[in-house]
Amino acid sequence: MTNQFNIAVSAADAVADTEFLTALPKAELHLHLEGSLEPELMFKLAERNQIELPYASVEEIKKAYDFTNLQSFLDIYYQCAGVLIHEQDFYDLTWAYLQQCHAEGVVHVEPFFDPQTHTERGIDIGVVIKGITRALKDGEQKLGISYGLILCFLRHLPEDEAFATLNQAEPYMEHFIGVGLDSSEVGNPPEKFSEVFAEARRMGLKRVAHAGEEGPVSYIEGALDYLDVQRIDHGVRCTDSETMMNRLAAANMPLTVCPLSNTRLKVYEHMSQHPILKLLERGLCVTVNADDPAFFGGYLLANYQSLADNLGMTRQQAAHLAANSLNASFVGDEQKAVWMEKLAVVCAG
Ligand code: ADE
Ligand code: ZN
């Protein structure tokens, strides 16, 4: 069944304003914690850990964030993550992100982390997971933001290294709910990771994968058919295929779309070309997400705001996108029903 939205929205056709967008209860389902590392915190951690950055100032770093495609971003992103060493660094990173979420009306997060970016540098996976989960627990207790952590495999590395990562993570299974697949997409199709995803499934883990960000529609197909994913991260290249759009709609397969990321990485030259609202109107379960907010110029609310500013996103469409984010999360139906009631109150107001 294609994606439905039955909640009544007052002034439904008015362009959504910031107050309404903030008040909507929202989930964020596509966020790389390493991508929420703000230049200010990067400098602070570099100093604390006595690491020399190739940038002299925050301004210089921001100037370097002039990306031409995914790889031009990833090269800098992995370099910046080098300041994260100790458990407390991962805590500080995650806690800063959660505080931003709290200010923006985010009620639930399912963030990604890239263990291989850190284990490759000799950092124990336990250090990474403990720091992140301590902050997530604090976020739940102090800010009321629920969570489910997702461990991503780097697809530019071989599958046996993904297996090794899953084995290293096994003692910490209680701290994460699923696995994902990220990094350089083109040339690294989902099939490359079919065995490790099958193992993750046997372990009872959820599965998501980046597909159809820069890569072709066949990668979306591969993620569905070989990795048995429950969500597609990005997936915007589905617009190249009527058959795929119909398949995604019929399966109500969530796409975790990242508008500011797509424009900053030149998937689209301008936000006015972004297809998210067309996909929504076509019955696909699209959601809004920030991807790597510290690098792409804005957190979740800025992504919603940009859709209102550049595509004239209405209150109805914004509420539908927020509902999709909650429904596409990996929480149980009871919690979803509580959120929908809260959403209905905001929509009526
Ligand atoms: N890692 C961090 N951000 C990413 C993106 N947008 N695509 C692939 N891998 C990533
Ligand atoms: Zn991503």
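Biologist: Into how many nonpolar, polar and charged residues does the shell around ligand 1 divide?

Modeller: In this predicted model, ligand 1 is surrounded by H32, L70, F73, L74, Y77, D182, S183, H210, E213, H234, D291 and D292. Sorted by class, the residues of this shell come to four nonpolar, four polar and four charged.

Biologist: Which helix gives the most to the shell around ligand 1?

Modeller: The residues surrounding ligand 1 include L70, F73, L74 and Y77. Four residues of the shell come from one helix, which spans residues 70–80 and gives the most: helix α4.

Biologist: What distance separates a backbone N or O atom of S183 from a nitrogen atom of ligand 1?

Modeller: Polar contacts are counted within 3.5 Å. A polar side-chain atom of H32 lies 3.3 Å from a nitrogen atom of ligand 1, and one of H234 lies 3.5 Å from a nitrogen atom of the ligand. For S183, a backbone N or O atom takes part, and its distance from a nitrogen atom of ligand 1 is 2.8 Å.

Biologist: Why is the pair of F67 and F296 edge-to-face?

Modeller: The structure holds eleven aromatic pairs, among them that of F67 and F296. The ring centres of F67 and F296 are 6.1 Å apart. Planes over 60 degrees apart count as edge-to-face. The pair is therefore edge-to-face because its planes stand at 90 degrees.

Definitions and conventions:
Residues numbered from 1 in each chain as written. Chains lettered and ligands numbered in written order. Predicted model: local features only at pLDDT ≥ 70, side-chain atom pairs only at ≥ 80, totals over all residues. Heavy atoms only, no water. Near = heavy atom within 4 Å. Polar contact = N/O pair within 3.5 Å; in protein donor to acceptor, adjacent residues only side chain to side chain. Helix = DSSP H or I, 4+ residues; strand = E, 2+ residues; numbered from the N terminus. Nonpolar A, V, L, I, M, F, W, Y, C, P; charged D, E, K, R; others polar. Phe/Tyr/Trp six-rings, centres within 6.5 Å; stacked < 30°, edge-to-face > 60°.
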